[in-house]
Number of protein chains: 2
Amino acid sequence: MPHEVERRTLTRYLEEHSLKQTKQRDAILDIFLGATGHVTSEEIFNRVRKKHPNIGYTTVYRTMKLLCDAGLASERHFDDAITRYEIAHEHHDHLVCLRCGKIVEFECAMIESTQNEIAARYGFRVLRHRHELYGHCGNCRDEVDLGGRTPS
Amino acid sequence: MPHEVERRTLTRYLEEHSLKQTKQRDAILDIFLGATGHVTSEEIFNRVRKKHPNIGYTTVYRTMKLLCDAGLASERHFDDAITRYEIAHEHHDHLVCLRCGKIVEFECAMIESTQNEIAARYGFRVLRHRHELYGHCGNCRDEVDLGGRTPS
DNA sequence: AATGAAAATGAACGTGATTTTCAATTTCAT
DNA sequence: ATGAAATTGAAAATCACGTTCATTTTCATT
């Protein structure tokens with residue numbers, strides 16, 4: 001059975017909160033974990049529908065929220081109005097290609113420590129952060145450069 | 001007359017684009033410049049209404065977009081689904097208090113240069129970035145600590 | 001000052017993502 | 001097996017924002 005650990009995490013969370021285990025929740029967790037990267041509710045809905053044609057959009061939204069509460073998923077908002085979900089793991093930051101939509105994750109300990117230093121300077125305690133670099137990835141950069149007007 | 005420079009910038013932009021100067025646009029610019037920090041369309045709408053009770057929400061949205069185009073304002077999206085506007089000025093990043101909503105701006109050259117270095121490593125060209133630290137400001141931190149359960 | 005074409009306004013309606021409502025169904029401790 | 005509590009899903013509501021379009025304003029030109 002796939003995603004043993006996460007499924008157990010969910011079960012534990014459900015038990016602790018007097019919530020119930022349902023096939024919909026299991027299915028959504030499975031699809032979510034099987035998807036790579038940063039999925040939208042719509043993507044999850046479409047994929048889950050293949051196995052469970054009667055599942056509702058509502059349930060997807062509710063379950064994704066649940067997975068966030070259970071610490072299995074986390075919400076991300078990039079520059080559009082759409083909520084994306086990623087598998088919860090350690091702090092990391094993102095490179096987002098504005099042309100093709102590619103998203104790359106990176107980590108940088110140096111930036112992390114500098115952040116805390118700056119926050120302290122203003123009396124803040126940092127709980128979480130968001131750090132996103134928007135631009136063009138290698139491919140798109142080349143295409144943009146070629147497509148652009150070449151200098152006379 | 002307040003906000004001389006900005007008003008002139010707007011006038012120049014309107015002329016250059018064959019757009020018209022209207023009392024609504026003037027009023028919205030004025031309110032926007034008079035407000036501190038990071039305002040929402042709603043806040044601007046409410047304040048402008050006091051002087052111009054018939055102004056519509058639509059006009060506020062349109063005008064804020066116009067001010068962005070004219071380089072006087074810039075859009076910001078923090079963690080919620082609401083668009084905020086700030087007076088346009090050089091790149092800077094934000095500290096956001098999750099409890100009282102206070103927003104502090106900061107700049108850090110070191111982080112900026114590190115960003116480019118990282119991007120280059122992944123073949124990206126950075127066009128813009130977003131860097132936000134979420135946590136508790138000095139006041140809220142104290143209140144949270146006092147209100148919380150003290151260790152036995 | 002009057003004209004009129006182009007632009008702006010605002011009320012109502014549309015949209016897209018997400019949430020709420022609620023009657024019907026499912027889970028699970030007993 | 002039972003039933004109280006939780007869950008589901010379809011439809012309607014919401015929320016922020018965009019579009020439409022008939023009416024009003026602006027402003028260069030008379």
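In the predicted model, Phe45(A), Tyr57(A) and Tyr61(A) are joined into a cluster by ring pairs. The model is a prediction in which local features require pLDDT of at least 70 and side-chain atom pairs count only at pLDDT 80 or more, while totals for chains, interfaces and linings use all residues. Residues are numbered from 1 along each chain as its sequence is written, chains are lettered from A in the order in which they are written, and side-chain values use heavy atoms, without hydrogens and water.

Rings of Phe, Tyr and Trp (its six-membered ring) were paired if their centres lie within 6.5 Å, with planes under 30 degrees apart counted as stacked, over 60 as edge-to-face and the rest as tilted. Over all chains, four aromatic pairs were found. Phe45(A) and Tyr57(A) are stacked, at 4.1 Å centre to centre and 10 degrees between the planes. This pair links distant parts of the chain, 12 residues apart: Phe45(A) belongs to helix 3 (residues 41-51) and Tyr57(A) to helix 4 (residues 57-69) of chain A. Helices are DSSP runs (H or I, at least four residues) numbered from the N terminus. Phe45(A) is buried, at 11% relative accessible area, whereas Tyr57(A) is partly exposed at 31%; buried means under 20%, exposed over 50% and partly exposed in between (1.4 Å probe, protein chains only).

In chain B, the ring centres of Tyr57(B) and Tyr61(B) are 5.5 Å apart with planes at 25 degrees, so this pair is also stacked. Both residues are in helix 4 (residues 57-69) of chain B, four residues or about one helical turn apart.

Technical notes. Helices (H or I, at least four residues) and strands (E, at least two) are DSSP runs, numbered from the N terminus.
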